Amino acid sequence: MCEAGSTGGIPCKLGYFCLQGSSPDDAQRCPPGHFCEEGSAFASPCAPGTFTELEGQSVCGDCVGGTYCPGNGSALSCPRGFYCPTNTSDYTTNPCPEGKIGEELELVRVEQCTPCPAGSYCSLTGQHQVAGDCDPGYLCPIGQTRPDPPA
């Protein structure tokens with residue numbers, strides 16, 4: 001019987017893990033969403049903000065801009081109304097600000113959120129479309145956050 005992380009006294013190689021009591025032929029390839037360093041007794045899940053969708057990895061990669069990686073090893077598209085810089089684990093921490101909207105998927109920077117168009121208002125963060133038209137009798141410039149802006 002072999003120790004965990006080794007087969008026959010030989011450390012399990014990068015990208016593989018070896019359960020306690022396994023033989024050299026029983027080394028298991030690290031599954032997607034996990035990494036296995038040399039001598040691993042089990043597959044370790046990728047940390048939030050990192051990912052790997054491939055088998056047999058010894059490290060998890062950075063979550064690329066425009067995506068978020070919640071910690072299950074996958075990279076998901078950043079939803080409309082939000083932006084996701086590199087290594088984002090939770091897209092809700094990066095909403096487009098009031099007065100701006102995020103109409104496209106996979107925004108990377110807050111500067112990609114576009115100002116609310118003239119004649120409408122965007123009163124909340126994380127919006128992907130305008131909240132509505134400005135109230136009758138009010139002039140609403142670009143980037144307005146209220147339907148009844150002060151004169």
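**Figure 1. Cys46 and Cys60, a buried pair joined by a disulfide.** Cys46 and Cys60 are both buried in this predicted model. A disulfide joins the two residues, with an S to S distance of 2.0 Å. If the word is new to you, a disulfide is a covalent bond between the sulfur atoms of two cysteines. The link between Cys46 and Cys60 is left-handed, with -80° about the S-S bond. This pair connects distant parts of the chain, 14 residues apart. Look for Cys46 in the loop between β6 (44–45) and β7, and for Cys60 in the loop between β7 and β8. A search of the whole structure finds eight disulfides, and Cys46 to Cys60 is one of the disulfides shown in these views.

**Figure 2. Thr52, a buried residue in a loop.** Start by finding the loop between β7 (50–51) and β8 (61–62), where Thr52 lies. Is Thr52 buried or exposed? Its relative accessibility is 7%, so Thr52 counts as buried. The side chain of Thr52 has a polar atom 3.3 Å from the backbone nitrogen of Leu54. Which residues does Thr52 contact, once neighbours within four places in sequence are left aside? They are Pro32, Gly33, His34, Cys46, Gln57, Val59, Cys60 and Gly73.

**Figure 3. Cys78 and Cys84, a right-handed disulfide.** Here the sulfur atoms of Cys78 and Cys84 are 2.1 Å apart and form a disulfide. Which hand does this disulfide have? The torsion about its S-S bond is about 75°, so the link of Cys78 and Cys84 is right-handed. Cys78 is buried, and Cys84 is buried too.

**Figure 4. Phe82 and Tyr91, an edge-to-face pair of rings.** How many aromatic pairs does a search of the whole structure find? The search finds two. In the pair formed by Phe82 and Tyr91, the ring centres are 4.9 Å apart. The planes of these rings meet at 80°, and an angle over 60 degrees counts as edge-to-face, so that is the name for this pair. Phe82 has a relative accessible area of 15%, so Phe82 is buried. For Tyr91 the relative accessibility is 24%, so Tyr91 counts as partly exposed. Phe82 and Tyr91 also belong to one aromatic cluster together with Tyr68.

**Figure 5. Cys134 and Cys140, a left-handed disulfide.** The sulfur atoms of Cys134 and Cys140 are 1.7 Å apart in this disulfide. With a torsion of about -120° about the S-S bond, the link of Cys134 and Cys140 is left-handed. Cys134 has a relative accessibility of 14%, so Cys134 counts as buried. Cys140 counts as buried as well, at 4% relative accessibility.

Figure 6. Is Pro136 buried or exposed? Its relative accessibility is 77%, so Pro136 counts as exposed. Now go back to Tyr68, a member of the aromatic cluster with Phe82 and Tyr91. Pro136 and Tyr68 are 68 residues apart along the chain, and their C-alpha atoms are separated by 40 Å.

How values were computed:
Residues are numbered from 1 along each chain as its sequence is written. This is a predicted model: local features need pLDDT of at least 70, side-chain atom pairs count only at pLDDT 80 or more; totals for chains, interfaces and linings use all residues. Side-chain values use heavy atoms; hydrogens and water are left out. Rings of Phe, Tyr and Trp (its six-membered ring) pair if their centres lie within 6.5 Å; planes under 30 degrees apart count as stacked, over 60 as edge-to-face and the rest as tilted. Buried means under 20% relative accessible area, exposed over 50%, partly exposed in between (1.4 Å probe, protein chains only). Helices (H or I, at least four residues) and strands (E, at least two) are DSSP runs, numbered from the N terminus. A polar contact is a pair of N or O atoms within 3.5 Å; within protein, one must be able to donate a hydrogen and the other to accept it, and residues adjacent in sequence count only if both atoms are side-chain atoms. Contact means heavy atoms within 4.5 Å. A disulfide is a pair of cysteine sulfur atoms within 2.5 Å.
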